[in-house]
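Colleague: I would like to learn how to read the fold, a helix pair and a pocket in a model. Please take them in turn.

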Amino acid sequence: MQFAPDDKTAIIHLYRGELSRMVAYRTRLDTTTNWAVVTSAGLITFTLGNNAVPHYVLLMAVFLNTVFLTMEARRYRFYELARRRVRLLEAGFYGKILGGADTDWVTPLLETLTQPKLPITLLQALTVRLRNAYLGLLGVVYAAWLLKLYLSQKPFPESAQIGVISGWVVLSLAALAFLGLLLLTLLHAVQEED
């Protein structure tokens, strides 16, 4: 496909704009991950450093991490849209200039510009962010929570009690939540391989 000089300039500016958008979303993703790491580290240090602090403070860290995960998954969907546009421009426009094969990159790029549709679902974004950052972070928080329960003065199942909710119920719900996130990540990984 041949472009007029003004068209080439517009495409170059589009590329720079989309690249800038992609970098901005990548920075937002890193910022949210940093919030999760700092919050988790602070709450772990605070909880394990003081015997008077109850164990469920670490369960609040799990809750905050899931809030950050949800925020980050939404941002990741927009990041993927910008990354897709950048990739189309690199492979099509710049690839052709550098002597590559002529591919149909204009039609998919035009579709993303005129009818923007996020390329991945929220569930896919959640699993990607879980696998890349949050599953390990949540594992550390859960390990710290179990350590806090172990170090308490009460026997193990009773040490997990929160108010009138028995320790077995709290342990079961916490285990189900973590196993659910782990299963979600593993199922998505299997789907990607198919």
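This is a predicted model: local features need pLDDT of at least 70, side-chain atom pairs count only at pLDDT 80 or more; totals for chains, interfaces and linings use all residues.

Modeller: Residues are numbered from 1 along each chain as its sequence is written, and side-chain values use heavy atoms, with hydrogens and water left out.

Colleague: How many helices and strands does the protein chain have?

Modeller: Helices (H or I, at least four residues) and strands (E, at least two) are DSSP runs, numbered from the N terminus. Here there are six helices and zero strands.

Colleague: What does the C-alpha trace span along its principal axes?

Modeller: The trace spans about 75 × 35 × 25 Å.

Colleague: At what angle do the axes of α1 and α4 cross?

Modeller: Axes are lines fitted to C-alpha atoms, for helices over the stretch in contact, and angles run from 0 to 180 degrees between N-to-C directions. The axes of α1 and α4 come within 10 Å and cross at roughly 5°. The two helices are therefore roughly parallel (angles under 35 degrees). Contact means heavy atoms within 4.5 Å; among the residues making it are Ala36 and Ile44 of α1 and Leu137 and Val141 of α4.

Colleague: Which residues lie nearest the centre of the largest pocket?

Modeller: On a 1 Å grid over the protein atoms alone, a pocket is an open set of points where a 1.4 Å probe fits, with protein on both sides within 12 Å along at least five of seven lines; lining residues have an atom within 4 Å of a point. Of the 17 lining residues, Asn51, Val53, His55, Lys148 and Ser152 lie nearest the centre. The largest share of the lining, three residues, comes from α4.

Conventions:
Angles under 35 degrees count as roughly parallel, over 145 as roughly antiparallel, 65 to 115 as roughly perpendicular and the rest as oblique.
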